[in-house]
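These are my notebook entries on one structure.

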Amino acid sequence: GIYHGTFFDLGPEGEVEIGNYCTLVGAIISTNSRVLIGDYAFLAHEVVIADSFAAKPHELPPGERVSYSYGGAPLVSLGPNTWIGARAVLLSGAEVGEGAIIGAGAVIDFAVPPFAIVAGNPARIVGWARGSS
């Protein structure tokens, strides 16, 4: 479900891929590249996913083109069964592993291992979710 208040601000080559059975509650997604959200992900109120400060480049002279292609690799990705707490911010470089939990208000710009619990600002691993090895 994509609920009231969810906002997509996509640049000329921006893409968002949302898996099956996901919930986005007022999330804000701004990308010039790709955002991948795995199956069963939950994004709470006012989560921000942004790979740059603005989704659209300034006006270019006719015939010029800016490419935001990064070799097909996503700039921000959320694995399956992830939970992202209210007002968390995921920036370029955020790769949230399967089953990871991101606490409310955390700022992430790094790879989060599968089943990690990450919280705080600066964000750090504070525990491990049940079912991790």
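**Entry 1.** I note at the outset that this is a predicted model. I began with E15, which has a relative accessible area of 41% and is therefore partly exposed. I then looked for its partner and found that the side chain of E15 forms a salt bridge with that of R34, at 3.4 Å from N to O. This pair links distant parts of the chain, since E15 is in strand β3 (residues 15–18) and R34 is in strand β6 (residues 34–37), 19 residues apart.

**Entry 2.** I turned to E17, whose relative accessibility of 46% makes it count as partly exposed. Its side chain meets that of R34 in a salt bridge of 3.6 Å, N to O. E17 in strand β3 and R34 in strand β6 are 17 residues apart.

**Entry 3.** I next examined R87, which forms a salt bridge with E46; their closest N and O atoms are 2.5 Å apart. R87 lies in the loop between β10 and β11, and E46 in the loop between β7 and β8, so the pair ties together parts that are 41 residues apart in sequence. R87 is exposed, at 55%, whereas E46 is partly exposed, at 39%. I recorded also that salt bridges with shared partners join E15, E17 and R34 into one network. The count of salt bridges comes to 3.

**Entry 4.** Is V118 buried or exposed? I found its relative accessibility to be 0%, so V118 counts as buried. V118 belongs to strand β16 (residues 116–119). Beyond its sequence neighbours up to four places away, V118 touches several residues, including I101, F110 and I125. The C-alpha atoms of V118 and I101 are 6.2 Å apart, although 17 residues separate the two along the chain.

Notes. Residues are numbered from 1 along each chain as its sequence is written. This is a predicted model: local features need pLDDT of at least 70, side-chain atom pairs count only at pLDDT 80 or more; totals for chains, interfaces and linings use all residues. Side-chain values use heavy atoms; hydrogens and water are left out. Helices (H or I, at least four residues) and strands (E, at least two) are DSSP runs, numbered from the N terminus. Buried means under 20% relative accessible area, exposed over 50%, partly exposed in between (1.4 Å probe, protein chains only). Contact means heavy atoms within 4.5 Å. A salt bridge is a side-chain nitrogen of Lys or Arg within 4 Å of a carboxyl oxygen of Asp or Glu.
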